[in-house]
Amino acid sequence: QVAAPYTDSGNGFVFDGITDPTYGVTYGIVLPQANTSTEFIGEIVAPIAAKWVGVAFGGAMIGDLLLVAWPNGNDIVASTRWATDYIQPTEYDGPTLTTLPSSLVNSTHWKYVYRCQNCTSWQGGGGIDPTGTGVFAWAYSSVGVDDPSDPESTFQEHTDFGFFGINFPDAQNSNYQNYLQGNPGTPPSSTTTTTTSTSTTTTGPTASATPYDYIIVGAGPGGIIAADRLSEAGKKVLLLERGGPSTAETGGTYDAPWTQSANLTKFDVPGLFESLFTDPNDWWWCKDITFFAGCLLGGGTSVNGALYWYPADSDFSTENGWPQSWANHQPYTSKLQQRLPSTDHPSTDGKRYLEESANVVVQLLSKQGYSNITINDNPNSKDHVYGYSAFDFINGERAGPVATYFQTAKARPNFTYKDYVLVSQVVRNGATITGVRTNDTSLGPNGIVPLNPNGRVILSAGSFGTPRILFQSGIGPTDMIQAVQANPTAGANLPAQSDWINLPVGQGVSDNPSINLVFTHPSIDAYENWADVWSDPRPADAQQYLTSRSGVFAGASPKLNFWRAYGGNDGFTRYAQGTVRPGAASVNTSLPYNASQIFTITVYLSQGIQSRGRVGITSGLNAQAITNPWLTDTDDKTVLLQALHDVADNIKSIPNLTLITPDPTMTLEQYVDAYDPSTMCSNHWVGSAKIGTSASNAVVDQNAKVFNTNNLFVVDASIIPALPIGNPHGQLMSAAEQAAAKILALAGGP
Ligand code: HEM
């Protein structure tokens with residue numbers, strides 16, 4: 001949404017703002033005309049169902065000025081807040097909030113009209129530029145705050161959030177000083193007064209649309225590999241990506257201060273990986289998905305740690321949920337290996353760096369009957385083995401599908417790539433897809449891009465994005481399509497109810513539950529916990545990398561991986577994976593410790609886990625977990641605890657090795673019980689549009705075609721029915737090779 005001028009009929013003030021179509025909350029702002037002013041007047045007009053409402057004046061929860069407000073009796077209680085993480089935002093001093101007289105609470109609504117002084121800039125350098133544009137975000141909750149009378153009350157996480165763009169000069173008003181007195185003044189003749197409208201008639205240029213053989217939605221690993229193989233076969237392919245460039249090769253420019261001379265972005269330099277999670281300007285994460293998802297070229301493969309495992313045969317077995325016809329993955333895995341070989345020594349000088357944590361854990365595991373292997377030389381050996389971490393880095397830089405498959409596709413005249421294009425739905429005539437609806441009216445009337453006769457659409461928008469497009473296309477469980485229906489914009493474009501296709505989209509998803517154990521050992525170099533890699537790297541390491549793509553920065557943080565198989569009481573074999581890295585995401589301990597000697601073993605449960613959850617959308621169309629998928633199965637929990645005990649079993653046999661989180665005041669059982677489920681997330685979501693043999697428990701058939709449609713396919717992690725043994729992007733890319741081959745071989749296509 002974009003802010004537009006409206007007049008509040010209650011106080012007569014002209015604001016620039018929006019009414020969000022889902023909850024009916026209006027957010028407005030008006031600025032004085034002086035560009036040097038540091039204040040504004042804002043308003044929130046909310047139905048009584050809104051228990052608290054927030055505004056983020058920089059468009060993000062973390063690192064900008066937040067305002068929260070709620071009704072308390074006949075008054076409005078409000079405060080400015082600040083968040084350093086996705087946790088309770090706390091008091092933020094500096095701004096002065098004054099409640100203006102037209103604020104009210106009545107039987108249907110509450111309205112907060114406020115003056116915010118010292119509000120146009122905030123700590124960290126951000127602010128509102130009255131001559132420019134900005135993005136505001138709103139947060140909405142249907143759950144009341146803990147103590148409504150206290151402006152600094154705590155509360156639970158919002159039930160939804162959204163964004164809108166704003167052109168600040170549009171919000172400037174010559175009557176500002178009158179408004180402060182409660183007087184609307186004389187509306188300037190130039191201001192057209194409108195009431196807020198939720199209609200979204202698209203204006204702007206429309207083009208006659210070019211049709212394609214294949215429209216692929218999403219340039220992550222699935223979409224890129226499919227696009228490359230289909231364009232290689234001579235098909236006319238359009239690849240659409242909602243985000244923009246990532247690596248420098250693709251036009252990306254988000255360089256660290258010290259890499260600018262070499263024009264290398266955050267996404268190019270392996271050693272900058274950890275800074276993805278600590279950068280306040282984290283524009284690459286999809287803001288409408290409540291988990292880390294990459295909204296840029298390459299999708300997850302541009303923002304992951306790039307741990308890359310050639311799939312084990314069992315990853316594609318019928319036991320792991322795949323149709324029999326997928327079991328022979330080797331030809332496809334070989335094609336992948338040819339394009340994208342793995343390396344377990346990414347530095348161009350062939351040496352390994354920062355291996356101290358690996359060396360300590362090797363001592364631990366050697367005493368537990370583990371053996372040392374080169375993991376990708378033995379993809380099927382995943383029991384009692386360890387080896388150096390392997391990656392899809394090439395020449396000391398992030399490679400993945402972007403540096404390989406995308407480059408060959410791009411060189412073909414029959415391939416078109418468009419970025420910053422968001423697809424909301426497939427346009428269909430019953431079971432036949434005729435095109436996709438985008439937000440880009442230069443691609444066709446109303447943004448609709450058509451297919452050639454017999455053309456096909458492939459959804460590769462990810463484990464959350466693909467379900468959201470399916471729901472908006474009238475495909476999925478009824479409750480999710482109804483959520484779309486409740487959204488005025490998306491609801492208006494839904495197919496008629498008689499055309500809805502009921503499939504278990506979003507159901508039965510899995511993600512690895514992962515638990516961090518944090519240790520110290522005197523041999524460790526924790527590398528300042530990666531905190532300085534972006535702005536203040538160790539000079540010699542930075543220089544070495546810039547000169548020869550070697551050294552610490554040529555590698556990501558993981559150093560060693562290990563696996564062990566466990567039999568469960570229920571007869572299923574489950575695998576536990578360990579990933580070892582210097583540093584720690586968080587330390588919680590009563591022990592004194594040396595922060596420069598910390599390292600982490602993350603223990604995940606992978607193939608064989610039985611826990612499942614569900615993903616879906618809010619009617620604001622934000623994607624989220626409806627049911628968390630972690631440790632819902634008691635045998636999963638038993639096995640994970642067993643694996644943690646085994647890892648920790650012989651710590652004492654290694655001199656000076658200390659487990660600091662959990663500390664000795666806690667058992668591993670207590671530690672896991674107290675673990676915040678959302679931090680158990682590995683962002684390895686699979687199964688939201690599962691492959692299978694029946695529409696009763698799967699969304700796509702063995703050709704990756706959506707059941708009960710003629711020409712709609714899914715090629716991304718959504719189709720993977722159950723987690724593979726290792727971090728999933730290697731298996732996913734092999735699956736994309738296989739899916740592309742099956743789609744090409746399927747009769748009836750373009
Ligand atoms: C107890 C309080 C809160 C908790 C636990 C919480 C937690 C979270 C979490 C987990 C996310 C998801 C991350 C993502 O999807 O990218 C998020 C996003 C967001 N939150 Fe909050 N939040 C809280 C309060 C607030 C408040 C008071 C505001 C605004 C005034 C706010 C504004 C936002 C916005 C705009 C987003 C999406 C954009 C972004 O990622 O920055 N949150 N929050």
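## Surroundings of the ligand

The shell around the ligand comprises 16 nonpolar, five polar and one charged residues. These values come from a predicted model. In total, 22 residues surround the ligand, and M61, Y86, F155, H158 and I289 are the closest.

For M61, a backbone N or O atom lies 2.7 Å from an oxygen atom of the ligand. For Y86, an N or O atom in the side chain is 2.6 Å from an oxygen atom of the ligand. In the case of H158, a polar side-chain atom lies 2.7 Å from a nitrogen atom of the ligand. The elements β5 (52-56), β6 (66-72), β12 (133-141) and β13 (160-167) each give two or more residues to the shell around the ligand.

## Packing of α5 against α15

Helix α5 (residues 330-339) packs with helix α15 (residues 729-745) at an angle of about 115°, and their axes are 8 Å apart. Angles of 65 to 115 degrees count as roughly perpendicular, and α5 and α15 are therefore roughly perpendicular to each other. Their crossing is right-handed.

On the α5 side, the contact is made by Y332, T333, K335 and L336, and on the α15 side by G730, M733, S734, E737, Q738 and A741. By class, the residues of this contact are four nonpolar, four polar and two charged.

## Packing of α3 against α15

Helix α15 also packs with helix α3 (residues 221-232): the two axes come within 9 Å and cross at roughly 40°. That angle makes α3 oblique to α15. The crossing of α3 and α15 is right-handed.

From α3, the residues P221, G222, I225, A226, R229 and L230 meet L732, M733, A736, E737, A740 and L744 of α15. The contact of α3 with α15 has nine nonpolar, one polar and two charged residues. M733 and E737 of α15 take part in the contact with α3 and also in the contact with α5.

## Backbone features in loops

Most residues other than glycine have a negative phi, and most peptide bonds are trans.

P662 is located in the loop between β31 (658-661) and α14 (668-674).

Definitions and conventions
Residues are numbered from 1 along each chain as its sequence is written. This is a predicted model: local features need pLDDT of at least 70, side-chain atom pairs count only at pLDDT 80 or more; totals for chains, interfaces and linings use all residues. Side-chain values use heavy atoms; hydrogens and water are left out. Axes are lines fitted to C-alpha atoms, for helices over the stretch in contact, and angles run from 0 to 180 degrees between N-to-C directions. Helices (H or I, at least four residues) and strands (E, at least two) are DSSP runs, numbered from the N terminus. Angles under 35 degrees count as roughly parallel, over 145 as roughly antiparallel, 65 to 115 as roughly perpendicular and the rest as oblique. A crossing is left-handed if the near helix is turned anticlockwise from the far one by less than a right angle, and right-handed if clockwise. Contact means heavy atoms within 4.5 Å. Ala, Val, Leu, Ile, Met, Phe, Trp, Tyr, Cys and Pro count as nonpolar, Asp, Glu, Lys and Arg as charged, and the others, Gly among them, as polar. A residue is near a molecule or strand if one of its heavy atoms lies within 4 Å of it. A polar contact is a pair of N or O atoms within 3.5 Å; within protein, one must be able to donate a hydrogen and the other to accept it, and residues adjacent in sequence count only if both atoms are side-chain atoms.
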